[in-house]
Amino acid sequence: MEDTRDLAERTPRSERKRRDSFGMFDGYDSCSEESTSSSSSEDSEDEVVPSIPASLPIIKNNGQVYTYPDGKAGMATCEMCGMVGVRDAFYSKTKRFCSVSCSRSYSSNSKKASILARLQGKPPTKKAKVLQKQPLMAKLAAYAQYQASQQNQAKSKAVVPTESFDWGRYICSNNTVGAPVSCFKHAPMGTCWEDIEEGVRIEVLNSDTNLSTKVYWIAEIIKLAGFKALLRYEGFDNDNSKDFWCNLCIPEVHPVGWCASNGKPLVPPKSIQHKYSNWKAFLVKRLTGAKTLPPDFNTKVHENMQFPFKKLMRVEVVDKNYLCRTRVALVEQVIGGRLRLVYEESQDGSDDFWCHMYSPLIHNIGWSRSIGHRFKRSDITKKTEGQADAPAQLFQKVKDVDQSGDWFRDGMKLEAIDPLNLSAICVATVRKVLADGYLMIGIDGSEAVDGSDWFCYHGTSPSIFPVGFCEINSIELTPPRGYTKLPFKWFDYLRETGSIAAPVRLFNKEVPNHGFRQGMKLEAVDLMEPRLVCVATVTRIVHRLLRIHFDGWEDEYDQWVDCESPDLYPVGWCQLTGYQLQPPASQSNRELPQSAPKQKKKAQQYKGQKKKRKIPVGRRPFSQAGRRRSSFSGDEEQSPPPYPVQGPARPRPRTHLHQTHKSESLLRMKEETAEVDEFTFSQGTSDQESNGSGSYYIKQEP
């Protein structure tokens, strides 16, 4: 007579030997119901529950896995021992007993008390004779596996949230492609995505099954769109009926071999369950030479989802009501590297601002004073508990420049993306040169008298361009407001204003191999309402400059964005981080009244004539007479003077500065004006990327 515990310990070891490197058993007949019986004593022994490893998968010859989902269809409970298992595996036609021994023991009067106890849900005290061991042991192993899976499921509750917008259907229906994750170096996995490509095999949850526990199968990446992948289970060949989209960064995606290492079952989809008689041989043939995910893929995803900024860290950020200055703000929330900042003086926390942690709009405490930028000193003099200044090393570094020699000077002309109307590149002027390479830029003809709507760009910023950039790249240049000599000509304008163009050599001429292509889909921040991340498309590429179109909205809402902007994200980023994605707007969405809760409220934000846009970072107050003009640099105790009221002709309310030049400034043509003549415009590459750092926008003649 053998003890039941010894039998249980030997059985898993023998079964484990038959498993192959894919986590499967050697064929689907390894665990058939046929098994030898052994005699045992008539005397009953005290019940000993065998210790079965929870990782042991049991696969029958019909492809089913024994599980323990109580009350599910296709399950049965043994009327003798109370064991729950697959009904088809039970003994006899009535399926009342799990084994021959239970069937025979049921007729014994000495077992009546035990039977009543089991029927009442009490734990059994006696063990029946085991004449047909294999099905019973299979069920015990399945029960242990079920308990383990329940524990693992409880531990991994932090799964990627379900998104309301179906990216997969949207991409397939429009026959479009998503920008690769490698285009977004600031995004999670952006620097380690090169090996993820079509044809890579992975192990994913098998959804084509009737089993109630988690089982896996191998799938092939058919198409990639950002973090999303169109997958097809192995064995379907050219049949796409069961293809499905999946975010590759969710916890249930693993490299091939993970199931074998972790004792998880590989079960073919039920639709093709009988297609092959030997699934092991099929997988060996199919996977030989195939690529899979790196072994540490899940670890890298977890590491990339850790962000250094923490709640209550103090930073300096642009004042959303007055772009010319910064204010102190506290980190209130961190989602996928995006920060919700609440201005320090906000009483109820509603005065907030969203930006990415690598945004050029945020800096360490003391940055404004160090470069001479305008700063609004907070009335709060004492930090509350838990607050701390964010370390300077957490912020995005800018390129070092030499300002001692040839550098930007006050009054130089250039072209710049208007931060208050990001669809426009405008005629602009360097208004003040700060330290560390920073410049204060003003839009010609639309500046407030006191300069309170100047904005700060670094000298190497990809958002400022040399004179003539728009002309050679067939981009519409927005002339100064009120300028009547149209079409606008830079040479005439420089003569009329007595100005000089900033030398081309001072601008950022690097064009990285960004990988974007026209028509690619992505998720992009609406910088006019920076809390929103929307479905968007790259509609034009000019060197490193991208034209971003928000799907479902008119072209007037497009925005010019740099290819390395931290406000662009791959398809699936919102799902991965838990951020709310704004789906494409429909015509009905845009026509709804303000009271209706809609995904994207642009129709409510932009009022008035076409192309009139709401100021993106706060509502401008009306003008008040008698306010003093504050000093530009250094701290200030008072807010800058409000802006005067403007008419609807300008896309945003600005003050039209009627600039009168002194007679000597009109005659300042000298040799500085000749500097413009030294450059001849060469036809630039429009609507396609330039992936080299060679010739840039303008060719200089010797």
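Two strands pair if DSSP finds at least two bridges between them; strands (E, at least two residues) and helices (H or I, at least four) are DSSP runs, numbered from the N terminus. The model is predicted: local features need pLDDT of at least 70, side-chain atom pairs count only at pLDDT 80 or more, and totals for chains, interfaces and linings use all residues. Residues are numbered from 1 along each chain as its sequence is written, and side-chain values use heavy atoms, with hydrogens and water left out.

**Exercise 1.** Determine the strand order of the open sheet that 5 strands form, and identify its edges.

*Solution.* Step 1: the order is β8-β7-β6-β5-β9, with antiparallel pairing. Step 2: β8 (244–247) and β9 (254–255) each have a single partner strand, so one side of each is left without a neighbour in the sheet. Step 3: strand β5 (residues 201–205) is joined to β9 by 2 bridges, and E203 stands opposite H254 in β9.

**Exercise 2.** Describe the setting of D558.

*Solution.* Step 1: D558 is placed in the loop between β25 (545–550) and β26 (559–562). Step 2: its relative accessibility is 4%; buried means under 20% relative accessible area, exposed over 50%, partly exposed in between (1.4 Å probe, protein chains only). D558 therefore counts as buried. Step 3: the D558 side chain makes a polar contact with the side chain of H549 (2.7 Å); such a contact is a pair of N or O atoms within 3.5 Å, and within protein one must be able to donate a hydrogen and the other to accept it, residues adjacent in sequence counting only if both atoms are side-chain atoms.
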